[in-house]
Amino acid sequence: MLTTLLRDSRALATLAVPLILTQLAQVALTTTDTVMMGFLGTAELAAGGLAIVIFNQLRTMGVGLVTSVGNQIAAAGARAEQEAAQDDEGTEQGREEVRGIVRASMALATLAGIAGAVLMILIGQALPWLGQDTDVADRAQTMILALAPGLLPCLWFQVIRQFTVGMRRPQALLRITIASVAVNAGLNWLLIHGTWGLPRMGLTGIGIATSSVYLLTFIALHLSAKKDKTLAPLLSLGLLKADPAVLKRLLGLGIPIAATYGSEAGFFSITALMAGSFGPAALAAHTAVNQLVYIVFQVAVGLSHAASINVSRELALGRYDDARRIKNTALACAGAVMAVVGILYLTLPKLVLAPFLESGSGKALTIASHLLIVTAFLQFFDCAQNIGVGLLRGLDDTRSGFRITLIGYWAVGLPAAWLLAYALRLEAVGIWLGLLTGLATTAVLLLRRYSASLSARADARTAVVAA
C-alpha cells in the first residue's frame, strides 16, 4: 500500500510541482504591480487596486472558460497513444482531435477576451455611479484602458498553458512565468518614471506593462511549444477553422467553471466587507490572513489541475481503479503540505504575519493570530474542495461542481459566517469559522459526488463488457 502511494505521489508531483511553482510565480507578478502602485501614492494605490480587482474578476472567469481544455487534451492525447499501437490512421485521427480542440479553445479565448475587455471599459465608466470617489474613478478608468487589451493575450496564454499541461509537458511554463516577473518589474519602472527617454506614464504605465507582459508570455510559450517535437505537430491556431461542435462542447464545460470561479471570488469578497464592519483592525487582520490563504491555496490549485488531468487520461484508457487512487493520492499530498503549514501558523504566528502587519498594529496582530488558529484547520478543507472540483472536471462534470459550491459557499458558509460573527458576536473569528464551515461542506459534497460518479461509470462499463 505504501509503495503504491509513493509511486502515485511521484507521478502526481511530476505534473503538480511545476504547476504549483507557476501559480506562486503568478502571485509574485500581481504583488509586484501592487508594490509599484504603492510607491506612487495612496490615491494611485486605491485607483490601481480598483482597476486590478475588476481585471482579475473578469480574467478569473475567462480562465475558467478554458480550464477544461487541459482535460479534453489529456483524454484525446491518451486515446491517440492507445490508437498508435493499432494503426497509423488511428494515430492521425487522434492527433487531429487534439488540433481541433486547440483551434476551438483559441476561438473561445478570443471571443471571451474581446467581450471581457469591452465589459471592463464599461464597468470603468460606471465607477462614479457606483459611489467611487471621482478622482479615484478617473485614475482607475485610465488604467483600465491600459489593462483591457491585455485580457486577450492573457487568455491565449491560458489556452497554450492548458494544451501543454494536457499533454503533460508543462516544464516551460515555470521558466516563462518566472522571467515574466522580472520583465514586468523592469517595464513598470521604465514606464512609471519615463526612464531612457520614454514618457513618464505613472499608473497608466503599470497597466501598459502588465498588458505587454501578457503578450510577451503568450508569444514565449507559443514559441516554446513550437520547438517541442511532441507538441509542435499538434499546435494549431487556425481560429477560423474551429469546429462549431467542439467550440459548443468547450463552452458547455467552461461556463459552469467560470461561474464557480466567480462565485468563490464573490464569496470571499463579501466576507471582506463583513470584516470591515468590525473596524480597520479587523479588516487589516482579515486581509493579511486572506493573503496567506491565497498564497498557500496555489498548492491546492496545482494539485487540483494535476489530479484533474490524470483522471481524464485514466478514464480515456478505461482505468477506473487508477482514477480512484488519484483522489486518495492528491488528498494525501495536500494533507501533508497543509499539516506543515498549519504547524507554522500555530507555533510561529507573529513570524508568519510579519510581512503583512506592522509591529505597531497590536490589535490587528492579535485578531490575525486568532484567525490563524482557524486557518490552520480551514486550509485542509479549502485544499480538499479545490481538488474535488478538479476531480469532477476530470469526469467532464463541471455543472455538479458549480451546484455544490453554491450550496457550500452561499447556502451554508455565508449564513454560518453571519450567525457566528453577528448573532454570537464572534466578529472576525466568527467570519472565518463560517468560512471553514462552508468549505468543509463543499469539500465533503464534492468528494462524495466524485466517488459516486466514478463508481457508476465503472459499473456501467462492466455491464457493457459483460453484455
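Predicted model: local features only at pLDDT ≥ 70, side-chain atom pairs only at ≥ 80, totals over all residues.
Local features were taken at pLDDT of at least 70 and side-chain atom pairs at pLDDT 80 or more, while totals for chains, interfaces and linings use all residues. Residues are numbered from 1 along each chain as its sequence is written, and side-chain values use heavy atoms, with hydrogens and water left out.

The largest nonpolar core contains 133 residues. A nonpolar core is here a set of buried Ala, Val, Leu, Ile, Met, Phe, Trp, Tyr and Cys residues joined through side-chain atoms within 4.5 Å; buried denotes under 20% relative accessible area, exposed over 50%, and partly exposed the range in between, with a 1.4 Å probe and protein chains only. Phe163 and Trp432 have the most contacts inside this core. Its largest share, 18 residues, is supplied by helix 9 (residues 280-316). Helices are DSSP runs of H or I with at least four residues, numbered from the N terminus. With neighbours within four places in sequence set aside, Trp432 is in contact (heavy atoms within 4.5 Å) with His286, Val289, Asn290, Val293, Leu371, Val374, Thr375 and Leu378.

Helix 4 (residues 134-147) and helix 7 (residues 203-227) have axes that come within 7 Å and cross at roughly 20°. Axes are lines fitted to C-alpha atoms over the stretch in contact, and angles run from 0 to 180 degrees between N-to-C directions. The two helices, helix 4 and helix 7, are therefore roughly parallel to each other, a term for angles under 35 degrees. On the helix 4 side the contact is made by Arg139, Thr142, Met143, Ala146 and Leu147, and on the helix 7 side by Leu203, Thr204, Ile206, Gly207, Ile208, Thr210 and Ser211. These residues divide into six nonpolar, five polar and one charged; Ala, Val, Leu, Ile, Met, Phe, Trp, Tyr, Cys and Pro count as nonpolar, Asp, Glu, Lys and Arg as charged, and the others, Gly among them, as polar.

Most residues other than glycine have a negative phi. Asp396, not a glycine, has a positive phi of about 65°. Asp396 lies in the loop between helix 12 (362-394) and helix 13 (398-423) and is partly exposed, with a relative accessible area of 40%. Glu427, also not a glycine, has a positive phi of about 55°. Glu427 belongs to helix 14 (residues 427-466) and is partly exposed at 40% relative accessibility.

Arg10 is located in helix 1 (residues 2-40) and is exposed, with a relative accessible area of 55%. The C-alpha atoms of Arg10 and Thr329 are separated by 9.7 Å, although these residues are 319 residues apart along the chain.

Note on methods: Parallel < 35°, antiparallel > 145°, perpendicular 65-115°, else oblique.
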